[in-house]
Amino acid sequence: MLSPAIMRSNALSPMQSSGTTAAFATTLSILPDAAKLVFRGKTEAIEAAGAHFGVKPSLEACRFAAVGGRSVYWLGPDEWLFQAVNENPIEVFGGMSVALQGQACSLVDVSHRSDGIAVAGPTAALVLNHGCPLDLSLKAFPVGMCTRTVLGKASLLLSRSEEHVFHVDVWRSFAPYVWQFLDEARSLS
Amino acid sequence: MLLINCPYCGPRPEAEFVNGGQAHIARPADPMSLTDDEWAAYLYMRDNTKGLHHERWRHANGCGRFFNASRDTTTDIIKRTYRMGERPEAEHQGAKP
Ligand SMILES: [Zn+2]
């Protein structure tokens, strides 16, 4: 088995030093690595998964729930993303697999598939709207909402953790593009 | 931008969806008993409706689910969206469900 230390390099690590250095109202920052598991299955299985994980998954569409560094994102009517910040994916996956034994469901470790960006500041929604067609007003996209959507040419998972803080989870190969897109957008906002 | 009402996520921008072609086409139960012409008709022949058309859409950059939509091909207005396995509304069934 691979040692976790040699397993992962963040696709965004070259980005932080590049780009513009001027002060903007919106900040971009790289989110810490996390164990990420995609779960698909019926209601009974998701309840068992949530009970083991320590976070009750939302059954309401487009909502996430978080306890400490662990969160569960609703992705579809039978699909959720389990995320544990700064935890070892192998251990989280192992524990979940045992807890889900006998349940009709699937669980896939996607920890290395995507990287996270925090977009923060009073104009964060405006910056995202340069490439995302969703209504990001608080009424239409409240704190606690999450959804897959598009930004420019990239598909990503967008969530709102605070009024002025959005998290973007994007596949590695699109991560530099999304970072540069947001960096340019904030310089225009 | 055109808004499409996903049965799971609610109204969302068109850019998040992909069209999946005509809806309510049942796969023949026993393909081996079909002639080549019948099989070709199942695979390739589709209505070219002017007016209300029932079609599949997928919320590809959203919940990922397929659903059905009844869309007027002359106005591009989507009258109704409904989940897979459901039938089009009776009032709409005149237009070849
Ligand atoms: Zn949807």
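This is a predicted model: local features need pLDDT of at least 70, side-chain atom pairs count only at pLDDT 80 or more; totals for chains, interfaces and linings use all residues.
Me: Which atoms count as donors of a metal, and which residues supply the protein donors of the zinc ion?
Reply: Donors are N, O and S atoms within 2.8 Å of the metal.

Me: What is the geometry of the site of the zinc ion?
Reply: Four donors count as tetrahedral if all angles lie between 85 and 135 degrees. The angles among the four donor atoms of the zinc ion are 104 to 115°, and the site is therefore assigned within that range as tetrahedral.

Me: Which element gives the largest share of the side of chain A that touches chain B?
Reply: In the contact between the two chains, 16 residues of chain A meet twelve residues of chain B, and the area buried between them is about 990 Å², with carbon and sulfur atoms giving 57% of it. In chain A, A:Pro77, A:Pro133 and A:Arg148 lose the most area to chain B, together 39% of what that side buries. Across this interface there are eight residue pairs in polar contact, and the elements giving two or more residues to the side of chain A are β4 (70-76) and β8 (146-151) of chain A. The largest share, four residues, comes from β8(A).

Me: Which residue of chain A forms a salt bridge with B:Arg65?
Reply: The count between chain A and chain B is two salt bridges. In the one formed by B:Arg65, the closest N and O atoms are 2.7 Å apart, and the partner is A:Glu79.

Me: Are B:Glu55 and B:Arg71, which meet in a salt bridge, buried or exposed?
Reply: The side chains of B:Glu55 and B:Arg71 meet at 2.4 Å, N to O, and the pair links strand β4 of chain B, which holds B:Glu55, with strand β5 of chain B, which holds B:Arg71, 16 residues apart. Buried means under 20% relative accessible area, and both residues are classed as buried.

Note on methods: Residues are numbered from 1 along each chain as its sequence is written. Chains are lettered from A and ligands numbered from 1 in the order in which they are written. Side-chain values use heavy atoms; hydrogens and water are left out. Donors are N, O and S atoms within 2.8 Å of the metal (3.2 Å for Na, K and Ca); water is not among the atoms, so sites may look incomplete. Four donors count as tetrahedral if all angles lie between 85 and 135 degrees; four count as square planar and six as octahedral if opposite donors are over 155 degrees apart and all others between 65 and 115; anything else is irregular. Contact means heavy atoms within 4.5 Å. Buried area is the accessible area (1.4 Å probe) that two parts lose on being put together, summed over both. A salt bridge is a side-chain nitrogen of Lys or Arg within 4 Å of a carboxyl oxygen of Asp or Glu. A polar contact is a pair of N or O atoms within 3.5 Å; within protein, one must be able to donate a hydrogen and the other to accept it, and residues adjacent in sequence count only if both atoms are side-chain atoms. Buried means under 20% relative accessible area, exposed over 50%, partly exposed in between (1.4 Å probe, protein chains only).
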